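Hi,

Here is the structure I promised to send over. Have a look at it first, and then read on for what turned up.

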Amino acid sequence: MIKFTLNGRIVETDAPPTARLLDLIRDEFELIGTKEGCGEGECGACSVFVNNLLQNSCLIPIGAIAGADIQTIEGIMETEQFKLLDESYSNAGGVQCGYCIPGMIMASAALLSNNPHPSEAEIRDGISGNLCRCTGYNMIVDAINLAAKKGDGLWQKK
Amino acid sequence: MAEKITAYRFDRLDQTLSQLNKEDCAIIAGGTDVMVLHKSRRGVPPKIPKPIVFIDHLTELKQVYHLYKDLHIGACCTYSELLEHPIIPVALKNAIKSIAAPAIRNRGTLGGNICNASPAGDTLPLLYVYNAKLLLRSVNGERIVAINDFIQGPRRVQRDPNELVTEIILPSVLEEAAHVVFEKVGNRNADAIAKVGFAGYIRINEARIEDARFAFGAVGPTMVRSLNIEKKLVGKTIPLASSDIAEIVADFDKIIKPIDDQRSTAVYRKTVALNLLRYFLNSKQYQTK
Amino acid sequence: MSLKDISTSVPKKDHKGKVSGQLPYISDVKVENMVYGVLVRSPIAYGKIKSIQLPTLPEGYEAVGAEHISGPNYVKIIQEDQPIFANEWVNYIGEPIFMLVGKDLNILYSLLDEVKIDFEEHQAVYTLDEAIQQKSASGITMATYEFGESLETIAAIELGAHQIIEEEYDTGYQEHVYLEPQGMLAIYKEDEIVVQGSMQCLYYIKNALISALDCGADDVRVVQSPTGGGFGGKEEFPSMMACHVAVAAKAVKKSVMLVFDRSEDMVVTTKRHPAKLNYRTALDKEGNILSMCVDIYLDGGANAGLSQVVLQRALINSAGVYNIPHFHAKGYVLKTNTVPNGAFRGFGAPQSFAGIESHIGHLSKLGNFDPLEYKRKYLVKQGDPTITKGIFRDPILVEDMIEDLLNASQYKTKKAEFQRNNPKNQRYKKGVGTSLFLHGCGFTGSGERDHIKATVKLVKSKDDRVSLKISNSDMGQGIYTTLSKIVAKELDLPYERVLYPDPDTKEVPDSGPTVASRTTMIVGKLLERAAKKLKAQWQSGVDQEVFEHYVHREMIPWDEKTFTGDAYPAYSWGVNIVEVEVDTLTGNIKLEKVYGNYEVGKVIDERIMKGQIDGGLAQGLAYGYLEKMTSKQGRIQQKSISDYGPPTAMDVVSIDSKVFDNPYADGPYGAKGAGELTLIGGAPAVQAAIEDALQTSFQQIPITPEVIIESLWRKEGEKG
């Protein structure tokens, strides 16, 4: 039995310790915002926060996260930060097919929380593990820039 | 159907070591390599053939400190933790920045990178030129082994089943005013596996070379380094004569034997490895120091 | 929100569900009584199946194969050569032989490992070069076309020519890497099978299902799930998966889900055709072109698929944007025992443009011309004939677009500066390159009239909301938004009152597939007309429906046999300028600046257009230097995203782009096609820039660091 916090709620599971956090989130807890794009940590579609750090849930055996604080896109959806990113992605045209987007939002939030005023190079590094095949990234970079500019004070180092 | 999987996650290092003394286990630090190595297909947990010990939470393995002139790095420090740590050398930080992407750097560990012993391991060329040593601990005590002795081949390391790599030691790294260069050549600027890795280290005293070290990654089963070739440079004055440079390059030409694979070609790897070496030896940067 | 200028951007219809991740893609769906399917695939490239040994299947686990197919055992596309389940011969590694279905994926995967199949192996054809050598052997040439100036005339011209330049040019695979892997679900019901999944072409799938299940049109229904990228990869390929899950669902009387793993997706799904293009050009003393012959060979892979149509587009574009005197072209699709190749954004055109831009660039160097000046000499003008004896009817703005881009990019200053500074920097060399390109919008020839015959429907409800009932997929390109805008504007209705539900063949007529840059121009125009009709008969508070059917505007009729006539109703145009820096120690390329000017008639949504420009260019540039896929003994070598290497955010730079207005009479508000155009110029511009930096020529894409280092090494050797 493994116990951890998922989106603020303490949860338990009987899944084996080698089970991927990604599968647990999607199948057992039925949270579909975390997507599988590659299963090897190469695309970022499955990005979640583990103790406030951006990580790939496809590479995390749940045995390693006992007691940890896990947040998925569903867990941040009601926050002011999410709302600002939502609006910025819309205004900048950062969303096309959408499959990478929840992971991209998680990476954006992680970046801005650490570095509220990133340079373009820092933004590109911040989302470098999140593959997007539709946008060529630039409009996503614009979206993050927009969220940084508008979110003065909202992004604070945790 | 699903066979029972045993996994341990102890609060302390000593408990972990005593379990390792009882049972041969697969050790998972960040897991970023292990999870890919044993990956099943979509929707199914990886198949790891042994009981598992998780270690990445152990605070004993997350310390970074000086001891005399040496730098000690806890094996389970993640790349991100090292990037933020003030006493990690800039060259090592640059090497770490070239690894994967933030989410992996938040999880992957330096000890894991070493024990994975990939021929393309990103930090390895640099650790080789730093003459890194590894501290291994078991219930019977501890021992120190040089990284080039520890890594024996692809995914093969000299670790007894009851041992754990607990620290990476970079000897004298904080004292020496050496010029260190690291270059990773990948197919793209992030999330890439090295096609060639190069680390160069040179220490000059009054225009004479006191020490020179070179290591090449992804051009053989393990990092390529040669003390015999390096020795030839000791005592030479800089700038180096072009005949000296040509000799060193020719020496490495003989011992670098890369392969073709899905990422690159043997010819490319060798040519680029020697290009980077030649460039380093010609470099104006260290000569002005 | 009401729309003043159609081009002004509006929030995307599907934004909310996508940004929160709550919009369910097919792998997010679970239905009652659902089992998974996994495919048993051929481990060999070519051979005959002798016997199959199944492990003992636990209860609830079944094998589904050719014997369960009620109709003929092929996936209905164009030719009848692609088995749904290969039960006799296998033609490529990864070809599906049968499917195992059951509840637990873990068990299914272990059962897969226990299947034993005996084959009688035959000598396979692994490479395009082998296929070219054997092209007269039976079964190798899957399609061929030839057209243009007579070879006798060209022979006579060549006799009098100052010199004849021959070049051979190779292009590699390109993999779509849509972020959502392929997935398809068949929902089993007593009276119908509902197939739902990631797709571009609902009626391709529906027709394939009617054939495979040998059933009536009402017995199958196809519903598009939100689709995580397509780029052509979800054009014809999903038809096969749909047949797999539907046949299985009927056989086991349960709903069957088939979702690919990334590596499975990379190894077994269609890719851009590798190609070889041969050029033979006669020049006079001054370097002017007297005649040109082009031969194009496409590696079709193991099945015909859509390859013949891809070849048509490759051939029609074989002269690029140039009016070349005495032009002749011939093309072949050849069969190899490798994974079948298929549709990919650009559809044959990217290979041709890479080739012709490279060749013309090299010819310009021979005559010591600036490449761009040389290209401009041959640029087609309004009223010029096309190489298939059609006409460029509409105004062509390319000259203006070039001038504008030369200024924006300071092309001449940069070029001079690079030439001055490159010798001073031993390691890094900079270069600048250009590309000129077009894209024929819509289906080739008379496809719209003869094959597609599109119909659209608008449904108005009592509350005066209007729904688009069409079979076109939004796969990220934004048609939920753009097509809704067209209808909203025409009806003078707030954009929010126009709805575009996920297409479902039970609800929507066949408005054609979502391919060929046809959706905005053709379907958009039909919707514009339907909206006009609805407006004329609008009655508030009443349910109303209108239909509109495709009407062909006759031009010079297309004849596929003689390969003559107007191949496309309209053309979109583009110019790219790219600056790169080459690391001569490693061969690595760094993009420095990227510029693009485009003309697509009229932009329906500026932001969406920019998304097409940036995304298309990122793919097109990467096709030229970054993305590399190879096959060895019939096996795809790059099975992971990082081994293949599509660009990350750190590999692209911001793109300066501009779109020129040139409304087209038969497009909605003047719009033409835009989606594919943006990819085409990337590779040739990046090649030209690398050549400029290194003052050398390349005969292939991708120009990887390996290619560059080899070239530098050879150059070093020549110097002695």
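Start with two helices from neighbouring entries in the file: helix α11 (residues 266-282) of chain B packs against helix α20 (residues 705-719) of chain C at an angle of about 65°, and their axes are 10 Å apart. Keep in mind that this is a predicted model. Angles of 65 to 115 degrees count as roughly perpendicular, so that is the label for α11(B) and α20(C). Their crossing is left-handed.

Which residues meet there? From α11(B) come Val267(B), Tyr268(B), Thr271(B) and Val272(B), while α20(C) brings Pro705(C), Glu706(C), Ile709(C), Glu710(C) and Trp713(C). Sorted by class, this helix contact has six nonpolar residues, one polar and two charged.

Strand β12 (residues 196-205) of chain B is joined to β13(B) by nine bridges, and the two run antiparallel.

Next, the contacts that chain A makes.

With chain C, 40 residues of chain A are in contact with 46 residues of chain C. On the chain A side, α3 (80-92), α4 (101-114), α5 (120-126) and α6 (138-150) each supply at least two residues. That side divides into 21 nonpolar, eleven polar and eight charged residues.

With chain B, the contact takes 26 residues from chain A and 27 residues from chain B. What supplies the largest share of the chain A side here? That would be strand β4 (residues 53-56) of chain A, with four residues. By class, the side of chain A that touches chain B has ten nonpolar, eleven polar and five charged residues.

Enjoy clicking around in it!

Cheers

Notes: Residues numbered from 1 in each chain as written. Chains lettered and ligands numbered in written order. Predicted model: local features only at pLDDT ≥ 70, side-chain atom pairs only at ≥ 80, totals over all residues. Contact = placed C-beta atoms within 7 Å. Nonpolar A, V, L, I, M, F, W, Y, C, P; charged D, E, K, R; others polar. Pairing = 2+ DSSP bridges. Axes fitted to C-alpha atoms, helices over the stretch in contact; angles between N-to-C directions. Parallel < 35°, antiparallel > 145°, perpendicular 65-115°, else oblique. Left-handed = near helix turned anticlockwise from the far one by under 90°.
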